[in-house]
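Open the model in your viewer and keep the selection panel at hand.

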Amino acid sequence: MNYVPGTASLIDDIDKKHLVLLRDGRTLIGYLRSIDQFANLVFHQTVERIHVGKKFGDIPRGIFIVRGENVVLLGEIDVDKPCDTVLQQVSIEEILEEQRLQQQAKQETEKVKMQVLKDRGLSIPKADNLDEY
Amino acid sequence: MNVSFNPHFECDFNALGDTLNNPAAHCVGFPSLASSSPASRSTLSSPLTLTLACRSVFQLFYSFFKSLVGKDVVVELKNDLSICGTLHSVDQYLNIKLTDISVTDPEKYPHMLSVKNCFIRGSVVRYVQLPADEVDTQLLQDAARKEAIQQKQ
């Protein structure tokens, strides 16, 4: 991330509405205000968007500073492109409830899988903290 | 024009040239180059070779990806998300910028619907799938061999 032309730089993305995917699976949408060489980001008017199935909910979060190592992907949101055609927005309480149920179901299947693997003497490490450096 | 300070190798790049391909590199605090004998230093005369020797393995793949700008690639991330798009640019950390993206696998990631361009941090890339006919494997092998030899010196 430098000023040499032709290289991947976030300079042109400043002050535009962006969607950032974090390593823990969260999605944040907001206006990108500041960057640095580690891809640390400063977001303004941030909204955390939670997706469960076809429903989604937005939680307003204000100003966010995201440490670069947690960023997976940063995408510019095209305001012209129609996006909410298949998705249905619901209230915050509802989406949090849906998310809780989804997490519960996932944990159950994960537990069963772990048990089966353990019985066979195997274990699979979790992907998100494989390369802490 | 001071361009970038690479914290890993303490190299200060002064881009005297206007193109990316001919930056003049001045290395500070890189012991092997500073103490190199005049004989070996003469082989490092061209700016690009000096850059390559200083940045070694990082520079190899950075240059490789730069040669693929404009091609369609599929980037698979460590969180199992696969994104198809046109390679727009790449940087020294192998961060990738893709334009005209689409999520290749079944769209269980609906939040990407209204995103056309994206920036992917290099550290989260698992694979970059390339069309076989775009890659000159012979050239890549030769370059890698050169790097390995230079590394040994």
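The stops below give a selection and then what is found there.

This is a predicted model, in which local features need pLDDT of at least 70 and side-chain atom pairs count only at pLDDT 80 or more, while totals for chains, interfaces and linings use all residues. Residues are numbered from 1 along each chain as its sequence is written, chains are lettered from A and ligands numbered from 1 in the order in which they are written, and side-chain values use heavy atoms, with hydrogens and water left out.

**The sheet**

Select the strands of both chains. Helices (H or I, at least four residues) and strands (E, at least two) are DSSP runs numbered from the N terminus, and two strands pair if DSSP finds at least two bridges between them. An open sheet of 11 strands with mixed pairing runs in the order β6(A)-β4(A)-β3(A)-β2(A)-β1(A)-β5(A)-β7(B)-β6(B)-β5(B)-β4(B)-β8(B). At its edges are β6 (88-89) of chain A and β8 of chain B, each pairing on one side only.

Next, select residues 17-22 and 27-35 of chain A. These are strands β1 and β2, paired in the antiparallel sense over 5 bridges. Within this pair, A:K17 has A:Y31 in β2(A) as its bridge partner.

**Helix α1 of chain A**

**Salt bridges**

A salt bridge is a side-chain nitrogen of Lys or Arg within 4 Å of a carboxyl oxygen of Asp or Glu. By this rule there are 14 salt bridges over all chains.

Select A:K55 and A:E98: their closest N and O atoms are 3.2 Å apart in a salt bridge. The pair links distant parts of the chain, with A:K55 in strand β4 (residues 55-66) and A:E98 in helix α1 (residues 92-119), 43 residues apart.

A:K55 is partly exposed at 23% relative accessible area (buried is under 20%, exposed over 50%, partly exposed in between, with a 1.4 Å probe and protein chains only).

Move to A:R100 and A:E97, whose side chains meet in a salt bridge at 2.8 Å, N to O. Both lie in helix α1 of chain A, 3 residues apart, about one turn of the helix.

Finish in chain B with B:E134 and B:K71, a salt bridge with closest N and O atoms 3.8 Å apart. B:E134 lies in the loop between β8 (125-129) and α4 (137-152) and B:K71 in the loop between α3 (47-66) and β4 (72-77), so the pair ties together parts that are 63 residues apart in sequence.
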